Amino acid sequence: MSEKIFENDEISVYFSAGRGETAVLSYSSMRHDFAVKGIPALAMMQSYGYDTFGIIARRDNWYPIPSMQAVMQALRARLASYSCRLAYGSSMGAYGAIKHSKGFGCDFVLALAPQYTIDPQRVAEWDGRYHSNFRAELNADMEISPQDLGGQITVIADPFYKMDMRHAAYIEKLGAVNIIRASGCEHLVIQPLAGREVMGNFLQALMTGNHRRAESIYRDSRKASPYYRGIMLMYLAQRYINRHDPDSAALAVEASIAAYDRHPQVFLAASKIHTLCKDYNKALEAALEAQARDPNSAWTARVVNEARRRASAAAI
């Protein structure tokens, strides 16, 4: 059971007890429904005996400084009793884990695909994914600075996912930051660490300072991951599409879905293949499958609308 121990307009903090030696500050990512998902990674962290503090953003706010300073003040006495403090998060949560690591006195940080900032004045030319979430009155001076860094920081990012890797490169320049390259994982670099055993081994390596071992664990798990296999096959399908070979592309998409059927992009590729083959009803079905997996994507909504228009026109 998780107990709410703090709340203000932007942040809620929940606590779930373990064995009381290590504290994990587990930050939520975007669109986190606490009622459904609870504290991020709680089951795994508690299986290792860690006391877990869920730092939950009440909206997609990127953990604004004034609100987080109030959290730090509220938790300072409780956190002082731990021999080890680990901050953990993905995407928006990874930003928060790094940005506030020194303020919480963290010993280690595991940040999965973090942002350096989402301020359009800083990143508009190369990353527009989060512009609508930036609020000048809330997120002023939000970029991560050297003065924010606390403990040994590990960032995981895909070097071929250019926006994420550029954020990681900015963060790496700020201080003692170790980058693990998650080739082929795109933004969901958490996938190779989704198992309890592999995450446990990975954290043990990080928290004993064995970064080479941590990189090896991640690399081996990535290569064995159904998610990674699905992504690689999706890339192969895109290559066949670009070569105007829809038959080979269709086989690659089929294999990609068999490996990992939760990625929206592979269904968008399937929709494109069906469109090339003028099978507009199947193109619409595939686009709707993509939308079911990423209902908040404006791009996917446009693909669905265009597929629906083509299917309707073909039926006339």
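This is a predicted model: local features need pLDDT of at least 70, side-chain atom pairs count only at pLDDT 80 or more; totals for chains, interfaces and linings use all residues.
Relative accessible area sorts residues into buried (under 20%), exposed (over 50%) and partly exposed (in between), using a 1.4 Å probe and protein chains only. Residues are numbered from 1 along each chain as its sequence is written, and side-chain values use heavy atoms, with hydrogens and water left out.

C277 is partly exposed, at a relative accessible area of 45%. C84 is buried, at 11%. A disulfide is a covalent bond between the sulfur atoms of two cysteines. The criterion applied is a pair of cysteine sulfur atoms within 2.5 Å. The search of the whole structure returns zero disulfides. For C84, the nearest cysteine sulfur belongs to C106 and is 9.2 Å away.

Helices and strands are DSSP runs (helices H or I, at least four residues; strands E, at least two), numbered from the N terminus. Helix α12 spans residues 264–276 and helix α13 spans residues 280–293. Their axes are 8 Å apart, at an angle of about 170 degrees. Axes here are lines fitted to C-alpha atoms, for helices over the stretch in contact, and angles run from 0 to 180 degrees between N-to-C directions. The pair is therefore roughly antiparallel, a class that takes angles over 145 degrees; those under 35 count as roughly parallel, 65 to 115 as roughly perpendicular and the rest as oblique.

Contact means heavy atoms within 4.5 Å. On the α12 side, the contact residues are P264, F267, L268, A270, S271, H274 and T275. They meet Y280, K282, A283, A286, A287, E289, A290 and R293 of α13. The residues of this contact divide into nine nonpolar, three polar and three charged. Nonpolar covers Ala, Val, Leu, Ile, Met, Phe, Trp, Tyr, Cys and Pro; charged covers Asp, Glu, Lys and Arg; the others, Gly among them, are polar.

H32 lies in the loop between β3 (22–27) and α1 (34–37). H32 is buried, at 17%. Leaving out residues up to four places away in sequence, H32 touches K37, G38, P40 and I56. The H32 side chain reaches the backbone oxygen of G38 at 2.7 Å.

Most residues other than glycine have a negative phi. A113 has a positive phi, near 55 degrees. A113 sits in the loop between β6 (108–112) and α5 (120–123), buried at 0%. D141 also has a positive phi, near 55 degrees. D141 occupies the loop between α6 (136–139) and β7 (152–157), and is exposed at 60%.

Key. A polar contact is a pair of N or O atoms within 3.5 Å; within protein, one must be able to donate a hydrogen and the other to accept it, and residues adjacent in sequence count only if both atoms are side-chain atoms.
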